[in-house]
Amino acid sequence: MNGVAELLRHPALWRGGDAGAPDTVPTGFRALDARLPGGGWPLATLIELLVPAAGVGEIRLLLPALKRLAMTESAVPRWIAWLAPPHLPYAPALADAGLDPARMLVVRPRAGSDRLWAMEQALRSGACAAVLGWAGAADGTALRRLKLAAEEGGTPAFLLRPATHRGDGSPAALRLALAVQGFGLDVEILKSRGGAPARVERLLIH
Amino acid sequence: MFELRPAPSVPAAASRRRALVPLPAPDAPPAPGRDELWLAAHFPRLPLDALLPGTWQARAAVVTAPDDPRRTVVACNERAAHQGIAPGMGLNAALARVPGLRVEERRPAAEAALLDRLGRWALQFTPAVSLEPPGAVLAEVRGSLDLFGGAMELVRRALAGLSSNGLSASLALAPTPRAALWLARGELALTVTRTDALPGIAARLPLACLHWPEDTVATLAGLGIANVAELVRLPRTGFAARFGPRLLDELDEGFGRRAAPRRRYVMPERFDERFELPAPAEAVALVEPVLEQGLARLEAFLRARASGIRVLRVDFLHRTHEPTRLSLALARMARDAAELRPLLRERLGRCRLEAPAEALRLRSGVLLPLHIRDAGLFERGRSADPESTARLLDLLRARLGHDAVFSVRQVAEHRPERAFRIAEPGLTAGLPVPWPAARPARPLWMLAEPQPLDGWDGTLVTGPERIETGWWDGRDVRRDYYVAMSRAGVRLWIFRERPPGQGWFLHGVFG
């Protein structure tokens, strides 16, 4: 039974009944999937993750989805793009997590203004299975451009920003705030197109 | 520019005038087969076009011979011709007619370079191209007629290509290369496809189209000879005695009575051209039109070779400074200007000139055979396009620099800082790296250098994992690694050197 449910969530599987539901990829965390419309990360749009500090578990939160996105490929392999990450993605850890390091495209622009440009290009190109981008300040126009590029390229855009931007308006289809609670990670759904705000506690245990 | 039409009166005229042609010499080699058809392109304004691209010839302009006290006009543009200037006129006379005349000195090197470019351009029609200095190009196109939809279509295409490059040319088709040249130089709107039709049009060819020495032409004119038909009526032996056997050979070649093998044009292996700027450019943006022209030429060059490039260099040449150099390295082969333009534009946007640029130099790297891509067969869409990855790579690198975009690989090595390497993005999986079956968790983020943790007051979660290796290359590590939790709730990978004492170092973040 579980296997069928898993299979039905496969992003490559299209069911006649769910034409109206957004295309999603499961997050790999059942508690979170249950709170998200379509049961996972929406594809081809902008997802904003607000993190209190780099490294609280945001990558581990994304890993199961990245793995799935990297695997459910057409004939042409695509990249997982890392735009302006705070540190270097460590290949042995990626391999341990089941992600082929060769699929990673790391982009480290020198100028801050190039970050969003590069992210937009990566999204629009359709050459990436997923794009992870780190940005600080970004105005509404820049974010809307990212969202548009994600829709155009059919690529999910995970934008990681400091939690201080929580109060800013955002066109993102899904907006989450991560918070460390003791040894666990709480995820708060601030905004969810087609869903409702919610809080999922202790999603990740350190 | 004129339209080429088939010769209307050839058959009747040919039969009437054939008797006037001297008989072929008995020892003459067999006439070239009727299979050949030569396209000649004559460029009467080549000396001018080589210096000023057509689009900049808004003003009346002439080119003068350099070592000539009279400074005779060698070539003039249309505007100058309208105002009464003609080649052969002295510069003073020309200036008297048009006081604001732009005067350039003839540059043989530039003309040779342009002719070379034209040879390259002609290779798109046939592999049998030969240059005819100073101002013509020949191409044997019989075999290509079907491919281009007939002689008229081929000529139409060639003319369109030349005029879009701002070049004025006159084209002609004839069964022998020399006759084609004569027709082109004579600017006769004629196409002759058969050797036996050639004598019929000889009466319409003035002596000037032979490009013979001036005194020879003058002597012939003194004899009352005005065109080639009258010329070939002269007795062969007398002609050869008076003007030399070479000119007689030329006539025989023209009429197909003597074979005239031509040296084939061989294209240089790399593209390397210089483009003059209309005015010194202080900003990169100002050179864009010229760059565009350069890319178009590069594309034509590459198309003719069925090749692509992966390296393109652009030099801005200054009057005094060293050139400003730019190099564009591509992830995949490119040929078309449309592919190169956005990449170059990104790159140029980051470039600053130290001094005004006088000219541009565009150089290609080695040419690589380009597999024919059937445009339109594959949609340039999302994941269906195997080139989208390479295109993205090129675009990012053009703006951000080559080293700002990379991939990572695993390396079978126990020292954590050496267990990975930066790699060229390629999407092809590396060889599987053998690892001990069970390895403690590794952090997803790695710091470039371990950072000393002063006053560390977080919590150790798991550990130690002892890593003690590398003694063989002198960069041995002896460390105890721990997974720790910072006050902010970030899971860290930290270590202590062994023997303990130097304090803690942060090496990774679990992310």
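**Exercise 1.** In this predicted model, work out how H8(B) and H13(B) are oriented to each other.

*Solution.* Step 1: locate the elements. Helix H8 spans residues 177-185 of chain B, and helix H13 spans residues 245-254 of chain B. Step 2: take the axes. They come within 6 Å and cross at roughly 90 degrees. Step 3: apply the cut-off, by which angles of 65 to 115 degrees count as roughly perpendicular. H8(B) and H13(B) are therefore roughly perpendicular to each other.

**Exercise 2.** Name the residues through which H8(B) meets H13(B), and sort them by class.

*Solution.* Step 1: on the H8(B) side, the residues are Arg178(B), Ala179(B) and Trp182(B). Step 2: on the H13(B) side, they are Glu250(B), Glu253(B) and Gly254(B). Step 3: by class, this contact has three charged, two nonpolar and one polar residue.

**Exercise 3.** Describe the side of chain A that touches chain B.

*Solution.* Step 1: count the residues. Chain A gives 46 residues to the contact and chain B gives 43 residues. Step 2: find the elements of chain A that supply at least two residues each; among them are helix H3 (58-71), strand S6 (104-107) and helix H5 (113-125). Step 3: find the largest share, which is six residues from H4(A). Step 4: sort by class, giving 28 nonpolar, nine polar and nine charged residues on this side.

**Exercise 4.** Which strand of chain B is joined to S5(A), and how do the two run?

*Solution.* Step 1: S5(A) is joined by two bridges to strand S15 (residues 445-453) of chain B. Step 2: the two strands run antiparallel. Step 3: for one residue pair, Leu88(A) has Met446(B) in S15(B) as its bridge partner.

Notes: Residues are numbered from 1 along each chain as its sequence is written. Chains are lettered from A and ligands numbered from 1 in the order in which they are written. This is a predicted model: local features need pLDDT of at least 70, side-chain atom pairs count only at pLDDT 80 or more; totals for chains, interfaces and linings use all residues. Two residues are in contact if their C-beta atoms, placed from the backbone, lie within 7 Å. Helices (H or I, at least four residues) and strands (E, at least two) are DSSP runs, numbered from the N terminus. Ala, Val, Leu, Ile, Met, Phe, Trp, Tyr, Cys and Pro count as nonpolar, Asp, Glu, Lys and Arg as charged, and the others, Gly among them, as polar. Two strands pair if DSSP finds at least two bridges between them. Axes are lines fitted to C-alpha atoms, for helices over the stretch in contact, and angles run from 0 to 180 degrees between N-to-C directions. Angles under 35 degrees count as roughly parallel, over 145 as roughly antiparallel, 65 to 115 as roughly perpendicular and the rest as oblique.
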